[in-house]
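User: Please take one part of this model and look at it closely. I would like to start from its aromatic side chains and then go on to its strands.

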Amino acid sequence: MKLLEGKKIFIYTLGCKVNQYESDAMLEKLIDAGAIKGTENDADICIVNTCSVTNMADRKSRQILSRMRKQCPDAIIIATGCYVQACSSELLENNLCHVIMGNNRKKDVVRIISEFLSERVTNDNIIDINKDSEFEDLKVNMPETHTRAYIKIQDGCNSFCSYCIIPFLRGRIRNKPIDEIYDEVANYAKNGVKEVVLTGINISSYGDIGEYDLADVICRISSVEGIERIRLGSLEPRVITDEFLERISAIPKVCPHFHLSLQSVCDKTLKNMNRKYTVDDIKRICTALRKAYKFPALTADIIVGFPGETDEDFEITRANLEELNLYEMHVFKFSRRKGTVADGMKDQIPETVKSERSDILIKMRDENIKNFNDLFKGDNINVLIEEVVEKNGLSYYRGHTERYMDVLIPIEGDADMSKINTIISTEY
């Protein structure tokens, strides 16, 4: 569209990998329409892709929008994403942006901006996401990095965990058709991408509708030549069945790195969170993964300080995590979110107690990471080289192993940039 010709675009992304994928897709659409990539200092059009997973995320989204208004006074400010879906009227009333664009409307970014530029703005770009069954037509041809690319295969969630607002802001589960996933991965491979990461709001639900499940997707894309690694995004424990493991463990391209959306390892807390599994389920799954893969990197999300979590409840989680011996944990202090069941629960935990519990698990996490990495000391490991970095005056190639271990390889002499986006074997 000629209205966008030469316009400099900057996109600020908050939140999850799905948001990052959608930002990349919007940028490509705008560039195809004649825009060019700018910076936050020279942008003609600034898009803030917001997050609303917690009250803190809401506040951060408002802060970034306010900063962009001040920093780019002549730019058109567009707010999109989950915070917009939740609080669109507030954004316009407070003059934090010129245009709002809800979820499942990012595919229309070119039309929406063009209408504003032609002074035909309506700001009627928020839909009832909970009644929309369409999987948004977004795709990325060339990610920012050639080495690892996210692909959004699913959107929405039907779980309604008591602490989570996302089902109300992302709607019900919707899947990208398996043929379109294959085509997008094949296009990535054609453009030199070595590793794809399957992501979504809840990729474990891919098999809940339609004729294909998550294992079908993995099997299908594993045939794409040029793709050397397939990494999975966050998994719900329920998807890791014996049949699922039997199918994916037969595919060498699948990375032995599994991020589990656990949230707690205490049955009482899990029930209060409205999670649909037990501690015994979690232990069975971890055992099965370790049987299917040699030294798999098992990581997890853990929330501490959920309402009603007593000292005894936390100790149960701590002891079970010690037994599970995960590679890494992403530890979050419970954050109240208006509109969720947990926000109205009694026995909210003081911030000081949350911090104490968080510190305990972070210390365990750091020890687990060291112990896991020590398992590979002296072994040859395969590293996908992503960049050259400087540290303490020395140069290194930086990359990740199949298990997502972050590795620095010293460079002797000048850096050989042809090593970027190659997998090399090195002693750990």
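**A buried ring pair and the strands**

Analyst: Y293 is buried, with a relative accessible area of 10% (buried means under 20%, exposed over 50% and partly exposed in between, with a 1.4 Å probe and protein chains only). The model is predicted, so local features need pLDDT of at least 70 and side-chain atom pairs count only at pLDDT 80 or more, while totals for chains, interfaces and linings use all residues. Residues are numbered from 1 along each chain as its sequence is written, and side-chain values use heavy atoms, leaving out hydrogens and water.

F258 is buried as well, at a relative accessible area of 1%. Across the whole structure, a search finds seven aromatic pairs (Phe, Tyr or six-membered Trp rings with centres within 6.5 Å; stacked under 30 degrees, edge-to-face over 60, tilted otherwise). One of them joins F258 to Y293, a tilted pair with 5.2 Å from centre to centre and 55° between the planes. F258 belongs to strand 10 (residues 257-263), whereas Y293 is in the loop that connects helix 10 (279-292) with strand 11 (297-304), so this contact ties together parts that lie 35 residues apart in sequence (helices, H or I of at least four residues, and strands, E of at least two, are DSSP runs numbered from the N terminus). Elsewhere, F295, Y327, F372 and F376 are linked by ring pairs into a cluster.

Turning to the strands, an open sheet of four has the order 7-6-8-9, with mixed pairing (strands pair if DSSP finds at least two bridges between them). Its edges are strand 7 (174-175) and strand 9 (229-232), each of which has a single partner strand, so one side of each is left without a neighbour in the sheet. Strand 6 (residues 148-155) runs antiparallel to strand 7, and two bridges join them; in this part D155 stands opposite R174 of strand 7.
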